[in-house]
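The following note sets out numbered points for a colleague who has the model at hand. Please read each point beside the structure.

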Amino acid sequence: MSIMSNAKRALAIAAASATLFSMAACGSSNAAGSKSDSSSAASSGKIEVVASINQWGSVAKDLGGSNVEVTNIMTKTNVEAHDYEPTSQDVAKFGTAKVAVVNGADYDPWATKAAQSTKATLVTAAETAGIKEGDNPHVWFSAKVRSNTADAITAAYQKADPSHKDDYAKLNKDWHAKEDQFESKIKGTSSKTENLPYAATESVAWYLADDLKMTDATPKGYAQASANESEPTPADIKDFQDTLKAGSIKMLVFNSQEANSTTDQITGAAKDANVPIVELTEQMPKQYTNLLDWMSALVDQFAAAVK
């Protein structure tokens, strides 16, 4: 798993803190703009919601319907979220929100810091399932985390807007019905994928593969280097390539948001060995407006890649 360096992470958090301090001390044109947006949301009777990443923002929108106005900070798949450096405008958006939804597990520490410094009710997806810093942070791929986060968002809405409590309860029920359908699809697909050995250039989809009952066969040296935020050695890369060539790995999962010369070597070896590649991203691609639709499409990709 590739995660930004501690130095870059510290700079991002410092930037968030500095922006919040500046807003509190003397205000700014950015803050004023956000305040105007907030007034618009307030006049319409909607809850202003800010989500650090678009996949959680889509869940927040589904659970709030016409009663919420959701702003997503990260929406593009060409910027790796671990390395994201927030702008002052990004941070200012948290200052006017009533509900903030972040991923947690040190995936978006700048957003957590920004939200904690405001009066917004904070929903941290990873924390809803006891996933903490150092654990795999790509928690939107986990059925348990999706379900728990949905309930936490609904509770935040009911607290912020008790007059529409029943509306939020119905939207939550509707969302869970869709999640249940999706989990049934996962269960059905797992009949094809159970115990299937796969490898990954990064452990981004580990939770989904686990729900599909697949077996992570990523060569140990490469996997440890990735988990330790270090570059794999030439020996690690060769071992990965040789393992693909040997045929024991039946699928390669490739995070295109983390493409580099090393992953080019791995995917090249997979193609040469005729190993199916499932390509995905961390942020929800723009053709999807709904996290569950995106997850369902990914499950279809996994199923289609099984020989």
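1. Helices (H or I, at least four residues) and strands (E, at least two) are DSSP runs, numbered from the N terminus. On that basis Asp 242 has its place in helix α10, residues 234-246. Buried means under 20% relative accessible area, exposed over 50%, and partly exposed in between (1.4 Å probe, protein chains only). Asp 242 counts as partly exposed because its relative accessibility is 38%. From Asp 242 to Ile 266 the separation is 24 residues in sequence and 9.9 Å in space, C-alpha to C-alpha.

2. This is a predicted model, in which local features need pLDDT of at least 70 and side-chain atom pairs count only at pLDDT 80 or more, whereas totals for chains, interfaces and linings use all residues. Residues are numbered from 1 along each chain as its sequence is written, and side-chain values use heavy atoms, with hydrogens and water left out.

3. The chain as a whole comes to twelve helices and eight strands. Of its 307 residues, 50% count as buried. Contact means heavy atoms within 4.5 Å. Among contacts between residues at least 6 apart in sequence, 66% join residues at least 24 apart.

4. In what order do the four strands of the open sheet lie? The order is β2-β1-β3-β4, with parallel pairing; two strands pair if DSSP finds at least two bridges between them. At the edges are β2 (68-74) and β4 (121-124), each of which pairs on one side only. Neighbouring strands of this sheet are turned by 20° against each other on average, direction ignored. For such angles, axes are lines fitted to C-alpha atoms, for helices over the stretch in contact, and angles run from 0 to 180 degrees between N-to-C directions.

5. Strand β1 (residues 47-53) is joined to β2 by six bridges and to β3 by three. Four bridges link β3 and β4 in the parallel sense, and Val 102 stands opposite Thr 124 in β4.

6. Which way do the residues of β3 point? Val 99 and Val 101 point one way, Ala 100 and Val 102 point the other way, and all are buried. In a regular strand the side chains alternate between the two faces of the sheet.

7. A right-handed β-α-β unit is made by β3, helix α5 (residues 109-116) and β4. A crossover is right-handed if, with the strands pointing away from the viewer, the path from the first strand over the helix to the second runs clockwise. Helix α5 is mostly covered, with six of its eight residues buried; among them are Trp 110 and Thr 112.

8. On a 1 Å grid over the protein atoms alone, a cavity is a set of points where a 1.4 Å probe fits but cannot get out, and lining residues have an atom within 4 Å of a point. Grid points are joined across faces, edges and corners, and a volume is the space filled by probe spheres set on the points. The count by this rule is one cavity of 30 Å³ or more. The lining of the largest cavity includes Tyr 198, Trp 206 and Val 253, with β5 (197-200) and α8 (206-211) each supplying at least two residues.

Definitions and conventions: On a 1 Å grid over the protein atoms alone, a cavity is a set of points where a 1.4 Å probe fits but cannot get out, and a pocket is an open set with protein on both sides within 12 Å along at least five of seven lines; lining residues have an atom within 4 Å of a point.
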